[in-house]
Amino acid sequence: QVQLVESGGGLVQAGGSLRLSCVVSGRTFRTYAMGWFRQAPGKEREFVARITRGGGTTDYADSVKGRFTISRDNAKNTVYLQMNSLQPDDTAVYYCNGQWAAVGLDLWGEGTLVTVSS
């Protein structure tokens, strides 16, 4: 069974940076398009960023463009989210997502909490 495990969350002051990591178990990491979503208290889960299987194409929510960078290392089965210039509105649980569209798989990690203090 494929598992996604996030790490790297924590408490940071406004203007600071964090890097989230998500390690995917198994041998099929290269087949997944990967993404990050987040859910703030009392709000719906929302899209943050995604990256294609080969890493050649990325996409971002308007709210994080220019501040966040998604990347992946297929040799390490890991996807990253570098978050710079963090603001209190970025406070949320961040979830890693993997999609293998050809077989209808849509996998989620358990999330990692990011708290940005003002």
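**Exercise 1.** How many bridges join β1 to strand β3, and in which direction do the two run?

*Solution.* Before counting, note that this is a predicted model, where local features need pLDDT of at least 70, side-chain atom pairs count only at pLDDT 80 or more, and totals for chains, interfaces and linings use all residues. Residues are numbered from 1 along each chain as its sequence is written, and side-chain values use heavy atoms, with hydrogens and water left out.

Step 1: find the strands, which are DSSP runs of E with at least two residues, numbered from the N terminus. Strand β3 covers residues 18–24.
Step 2: count. β1 and β3 are joined by 4 bridges and run antiparallel; two strands pair if DSSP finds at least two bridges between them.
Step 3: pick out a pair. V5 has V23 in β3 as its bridge partner.

**Exercise 2.** Work out the order of the strands in the open sheet.

*Solution.* Step 1: go on from β3, which 6 bridges join to β8 in antiparallel fashion; here C22 stands opposite V79.
Step 1: D73 has T78 in β8 as its bridge partner.
Step 2: read off the order, β1-β3-β8-β7, for these 4 strands. The edge strands, each pairing on one side only, are β1 (4–7) and β7 (68–73).

**Exercise 3.** Describe the turn between β7 and β8, then the setting of β8.

*Solution.* Step 1: the two strands form a hairpin with 4 residues between them, and N77 in the turn has a positive phi of about 55°.
Step 1: in β8 (residues 78–83), 5 of the 6 residues are buried, so this strand is largely enclosed by the rest of the structure. Buried means under 20% relative accessible area (1.4 Å probe, protein chains only).

Notes:
Buried < 20%, exposed > 50% of the residue type's maximum accessible area, 1.4 Å probe, protein only.
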